[in-house]
Amino acid sequence: MVQREHGPRLRPSLDGIPSYKPGKPAGADAFKLSSNENPYPPLPGVLEAAIAAAGDFNRYPDMAVSGLVTELAERFGVPAEHVATGTGSVGVAQSLVLSAAGPGDEVVFAWRSFEAYPIITQVAGATPVPVPLTADEAHDLDAMLAAINDRTRLVFVCNPNNPTGAAIHREELVRFLDAVPAHVLVVLDEAYREFIRDPEVPDGVELYRDRPNVCVLRTFSKAYGLAGLRVGFAIAHEPVADALRKTAVPFGVSQLAQDAAVASLRAERALLERVEALVAERARVGAALRAQGWTVVDSQANFVWLRLGERTADFAAACAEAGVVVRPFAGEGVRVSIGETEGNDLFLAAAEAFRKEI
């Protein structure tokens, strides 16, 4: 008699992969500052485009994402063949790892950085190589360079870094890129590019142009406020972009998301106004925290970071009690998104009260 097992045999390596932890949702009476979302509603014309696309839900979307790819190619001055899309920048990042690395290969990234990097690396069967941040919460590019070896296939550089907000300047990034072996793919993850105000932080698209091993990631989830539609893109030389199209989930970007993204790109004036308002709030929140006595990184993203160590959970609980949900990283610190002014004020009040108790 054949002995039946309790279920299908899954890959044992999955047991060691942590699940991605999204920002905790907020209740009806709380502000959600845990997911780096844009607090503003869709840009002008976006909702109308989405509603129009909703009428064709019975049809598959344009698999080639032709309209959005054309719009992006024109916007950035790159060949359409250099643009690839996916379900948010994290979806494109996973395709990049699947395209470049597998069992026996290594993927290098700073840590702490974007939480998905080690997860998508292990899903591909590759080995994550986290490199500790510097004391000022920035990428240690020299240490990352030293971590590259014959097994390295891909390096993630999150600029500005999530969750700390620290950004890498042009001179040090160029020096790093010039030192990385040509066969190693370097992914410049620029999900928060629109919020950068430091003129010394380079635009990755300009760096990719004469570097075949450099790929730039961008998203519509943050500044453009389309987090719920899941659309991101990469700009890379044709071999990399073509690999992304091969490894992407077919029809992954819905027509609603495609049309909304195109409409968002065409609403640039409104976008700039909203981003400037968020940058101003970021400056106000950072200045207030420093005045309270906190050490705050000069964030170039739409969030601020507090290194709290063992006090992280208690701080997050105090914020929740005050009506604000933040994103704790156990034993390390909290990331606080810049949201509505009222929510930011509640967070600042909670931070001030917490500081007085320690």
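Modeller: Let's start where helix 3 and helix 4 cross, a crossing that is right-handed. Right-handed means that the near helix is turned clockwise from the far one by less than a right angle, and left-handed means anticlockwise. Before going on, please note that this is a predicted model: local features need pLDDT of at least 70, side-chain atom pairs count only at pLDDT 80 or more, and totals for chains, interfaces and linings use all residues. Residues are numbered from 1 along each chain as its sequence is written, and side-chain values use heavy atoms, with hydrogens and water left out. Helices (H or I, at least four residues) and strands (E, at least two) are DSSP runs, numbered from the N terminus.

Back to our pair. Helix 3 covers residues 88-100 and helix 4 covers residues 116-123; their axes come within 9 Å and cross at roughly 40°. Each axis is a line fitted to C-alpha atoms, for helices over the stretch in contact, and angles run from 0 to 180 degrees between N-to-C directions. The two helices are therefore oblique to each other: under 35 degrees counts as roughly parallel, over 145 as roughly antiparallel, 65 to 115 as roughly perpendicular, and the rest as oblique. Helix 3 brings Val90, Ala93, Gln94 and Val97 to the contact, while helix 4 brings Ala116, Ile120, Thr121 and Val123. Contact here means heavy atoms within 4.5 Å. By class, this contact has six nonpolar residues, two polar and no charged. For these classes, Ala, Val, Leu, Ile, Met, Phe, Trp, Tyr, Cys and Pro are nonpolar, Asp, Glu, Lys and Arg are charged, and the others, Gly among them, are polar.

Now step to the loop between strand 3 (106-111) and helix 4, where arginine 112 sits. The peptide bond from tryptophan 111 to arginine 112 is cis, with omega near 10°. As background, most residues other than glycine have a negative phi, and most peptide bonds are trans. Another cis bond joins asparagine 159 and proline 160, with omega about 0°; proline 160 lies in the loop between strand 5 (152-158) and helix 6 (170-179).

Strand 3 itself is largely enclosed by the rest of the structure, because five of its six residues are buried. Buried means under 20% relative accessible area, exposed over 50%, and partly exposed in between (1.4 Å probe, protein chains only). Strand 3 pairs with strand 4 (residues 127-132) in the parallel sense, over six bridges; to count as a pair, two strands need at least two bridges found by DSSP. In this pairing, phenylalanine 109 stands opposite proline 130 of strand 4.

Valine 65 has a phi near 50°, a positive value in a residue other than glycine. This valine 65 is in the loop between helix 1 (46-54) and helix 2 (66-76), and at 4% relative accessibility valine 65 counts as buried. Phenylalanine 251 also has a positive phi, of about 60°. Its loop runs between helix 8 (238-247) and helix 9 (255-265), and at 34% relative accessibility phenylalanine 251 counts as partly exposed.

Among the buried ones are Leu256, Ala260 and Leu265. The buried residues of helix 9 pack against helix 1, helix 2 and helix 10 (268-292).
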